[in-house]
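Okay, thanks for coming, everyone.

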Amino acid sequence: MIRACAARARRADTRALGLYAALALLVLGFSLASPAFRSAENLSLVLRQVSVNGILAVGMTFAVLSAGIDLSVGSLLAVAGLVSALLAQREPGALGIALALGAPCAVGVLGGLVNGGIVAYTRVSPLIVTLGTLTAYRGFAVWFRVNPVYELQPWYRELGRLELGPLPLPALVFFGCAALASLVLSRTRFGRHVYAVGGNEAAARAAGIDVARVKLAVYAISGFCAGLAALVLTARLGAAQSVAGQGFELQAIAAVVVGGASLFGGRGRIRDSVAGALLIGVLFNGLVLLDVPSPVQQMLIGAIIVGAVWMDAALRGRDDR
Amino acid sequence: MTAREVASERGAIAELVRLGKSFRGIPALRDVDLALRAGEVHAWVGENGAGKSTLARVLAGLHPDYSGEIRIAGRPVRLASPAVATARGIALVQQEPQLVPELSVCENICLGREPRSRVLRLLERGVMRRRAAALLAGLGSALDPDARVAGLAPGARQLVEIAKGLAAEPRLLLFDEPSASLSQREVADLLARVRALRARGTGVVYVSHRLDEVFALADRISVLRDGALVASAPRGDWDEASLLHAMVGRALAPRRDRARAGPAAPLLRVSGLGRRGAFEDLHFELRRGEILGLAGLAGAGRSSILRSLFGLAPAERGSLAIDGAPARIARPGDALRHGISFVPEDRQREGLIPELSARENIALLGRAGAPRRAWIDAPRERAEVAAVAARVGLPPELGERQVRRLSGGNQQKVLLARALLQQPRLILLDEPTHAIDVAAKAEIHARILELAAAGTAVLLASSELPELLALCDRILVLRAGGVVAELAGDRADERALLAAASGSALARAAS
């Protein structure tokens, strides 16, 4: 049993190790090439920037593991950000603070439950459902508040800047969220059921798993992460607007697939998605600092996403043969 | 025709010389030498993992990285892709049908060989339909050529896969477990079809676990074990005992007759159960420790009954009583609460989560009766899984292996272990030995008998009559969704069962 276990660990880890090695090499390379990159302020900035996409990627990992996808997170983030910002304009009181922090997450869960309810109880595919809510939630955000919301209370804006030791608070929220999600996926019955539903839905149902409930929970979690990301982003920027978060869903998906998760479901890990988000974030930041023109950055990152997944597939293929 | 021409006609279509194939350094085939002749049915037998399917797949061009040599019509050929194999006149009917679910039956059968009109090269749907219908009719099937494959039962899919193989009009046709999901009558039609192919001079390779088919059909039988050819001889040189011995490398213990179930109280009472299009007006009782068999041709309703009792496709009419108390089963959760477990027919589709380990597959729901905690207690789970794995005879070192890497027999044990972890009072088994090797089958049979002896009620649906006869206390024979006969296990024989299931005059006399 030990030998089989070790063999499995080795297989899973050659792929993950490649990812971590690429990330380390990238950080090392940028540090050597650019003194600005390795400055403490910049590294802190990278972490703060990554944390929003990272939190979204954590939620997206749940959706992807269940053989689904959540395209609505960027729009949901905008709605949750507006709600949070409006509450953060008020005078601080215990209730006001709790509302400003709790409401965006509640909005996220609500939006996620709508997604999950449709996915779980109709036969419409998650891609279509969340493509619809991507548009609908965005429309709701614009209808709700056309103009940006700013002049937020100082305590709220301070949250985006606070550093605890070497780490900015947003990064701590990101890592905490990832650690909790990782535990849920690896150590709870629910987590295993997410893998089961994504790996073989018919078998999960025949085994007696309540597939609909698992899906509902998966999208609620993804929505919660969108709300949390909205909080982090709004606090960091000190403002919220209805056009925030456009295209964020695609960046989160990119992080998840670079992390090696299968879009067909059943395979992927939180820590690999985190590494994927870090890789993409570091790449963006480093290329900016090296004065690589923005269009070239985009082409490079696009190629790297495809290349990473291709390498992953090649490694897996060799594994299976 | 001169004698010489006859000799070449009857000569080898393909010769395999020191053929080998490894998967990541682990040999799956070693130095296999075989000749496959025109007009000969050549059966390959052996346990699961013996290398039969791998060998068939090499010939179909699906494993281009083989070692050794393949000669076709005397000339060395590198079978580097399925296209090369097809061009050389080799076709393979795979065990798991390789069909496009969203396409129709005739589109699948003509896939890659679509008839096209002279002008504009458009698809000729009419020709496709007629061609498919003719091939299916030859297999004794009236399947609609326009039906979508996704909606077909496993048996019908298997027929489509076979028709697809025939459509290629190959010189060498390989069948890998073609009869595993077919009913007795469909098997009979298939065998007739294979004999017709042989008469036309086609070379046929027939891989099967069903020795009765092998003896009925083969001109030559070759035995593979652990990737090597152990023996190859004309059928007349074999008998069942010598064949089994060659396959497993040891003599199998003779089957003991089981003790009859005592007169225990009924655990399950089914009254007037019905579901439109599946089964109607079903009445039966099942006692603790009793094994009740469900026999019938494919489509007779065996699977539907089990699935309704587990809440996957709930009954619409009638009532159930469990332990004397009325019970309603609308979803699998209800069934599990009543102590009912289910082992589905199709391991790949409805049984296994391929990416998870054997342990994770077994412990998917946790142990019944254990406190429902959200967090998994890993050491306890390992202990529970190890205990139940030992009960079904799953080797402990396989626990952490990804379940898709296990042999069919071990996969089936994983599913049995999953069901047993729920400590069921009633276990529903749908084709529990579907496409697994002889030794694993004997082992699973022994486990089923042990379960019953320990007081679990067993409802067993099977298309294999010997299996039902060996295990069951009573057998219900189904036809078109209704019970047409009930036979006591010790009074039934294959002829009576088959007659009842197919509705011949014999059945009416028996019932």
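Predicted model: local features only at pLDDT ≥ 70, side-chain atom pairs only at ≥ 80, totals over all residues.

Leaving out residues up to four places away in sequence, A80(B) touches G61(B) and P64(B). And if you look for A60(B), that residue is 20 residues away from A80(B) in sequence, while the C-alpha to C-alpha distance is 9.2 Å.

Now step back from the loop to the sheet next on my list. In chain B there's an open sheet of four strands, and reading across you get β2-β1-β4-β5, with antiparallel pairing. Which strands stand at the edges? Those are β2 (26-37) and β5 of chain B; each has a single partner strand, so one side of each has no neighbour in the sheet. Going from one strand to the next, the twist averages 25°.

Inside that sheet, have a look at β1 (residues 12-23) and β4 (residues 67-72) of chain B: they run antiparallel and five bridges join them. If you want a landmark, find V17(B), which stands opposite E69(B) in β4(B).

While we're around here, there's a backbone detail to point out. A73(B) is in the loop between β4 and β5 of chain B, and its phi is near 50°, which is a positive value in a residue other than glycine. A73(B) is partly exposed, with 15 other C-beta atoms within 10 Å.

You'll find E169(B) in the loop between α6 (154-167) and β7 (172-176) of chain B. With 13 other C-beta atoms within 10 Å, E169(B) is partly exposed.

Moving along chain B, here's another open sheet of four strands, in the order β12-β11-β14-β15, and the pairing is antiparallel. At its edges are β12 (279-287) and β15 (325-327) of chain B, each with a single partner strand, so each has one side left without a neighbour in the sheet. The twist here averages 20° from one strand to the next. Three bridges hold the antiparallel pairing between β14 (residues 317-322) and β15 of chain B, and there L320(B) stands opposite A327(B).

For a parallel pair, go to β16 (residues 340-343) and β17 (residues 426-430) of chain B, which pair over four bridges. I340(B) is opposite L426(B) in β17(B). Which way do the residues of β16(B) point? I340(B) and F342(B) go one way, S341(B) and V343(B) go the other way, and all of them are buried.

Okay, over to chain A, and to helices. When two helices pack, we describe them by the angle between their axes and the distance between the axes. Take α3 (residues 73-87) and α5 (residues 126-144) of chain A: their axes come within 8 Å and cross at roughly 25°. Angles under 35 degrees count as roughly parallel, and therefore α3(A) and α5(A) are roughly parallel to each other. The crossing is left-handed. Among the residues making the contact are L76(A) and V79(A) of α3(A), and Y137(A) and F140(A) of α5(A). By class, that contact has nine nonpolar, one polar and one charged residues.

Compare that with α7 (residues 169-187) and α10 (residues 211-237) of chain A, which pack at about 170° with axes 10 Å apart. That makes α7(A) roughly antiparallel to α10(A). P170(A), V173(A) and C177(A) of α7(A) meet C225(A), L228(A), V232(A) and R236(A) of α10(A). This contact has six nonpolar residues, no polar ones and one charged.

Last stop: where the chains meet. How many residues does each chain give to the contact? It's 25 residues from chain A and 30 residues from chain B. On the chain A side, the elements giving two or more residues are α1 (2-33), α8 (189-199) and α9 (201-206). The largest share, six residues, comes from α8(A). Sorted by class, the chain A side has twelve nonpolar, five polar and eight charged residues.

That's my tour, so over to you.

Notes. Residues numbered from 1 in each chain as written. Chains lettered and ligands numbered in written order. Contact = placed C-beta atoms within 7 Å. Nonpolar A, V, L, I, M, F, W, Y, C, P; charged D, E, K, R; others polar. Axes fitted to C-alpha atoms, helices over the stretch in contact; angles between N-to-C directions. Parallel < 35°, antiparallel > 145°, perpendicular 65-115°, else oblique. Left-handed = near helix turned anticlockwise from the far one by under 90°. Buried ≥ 20, exposed ≤ 12 C-beta atoms within 10 Å, placed from the backbone. Pairing = 2+ DSSP bridges.
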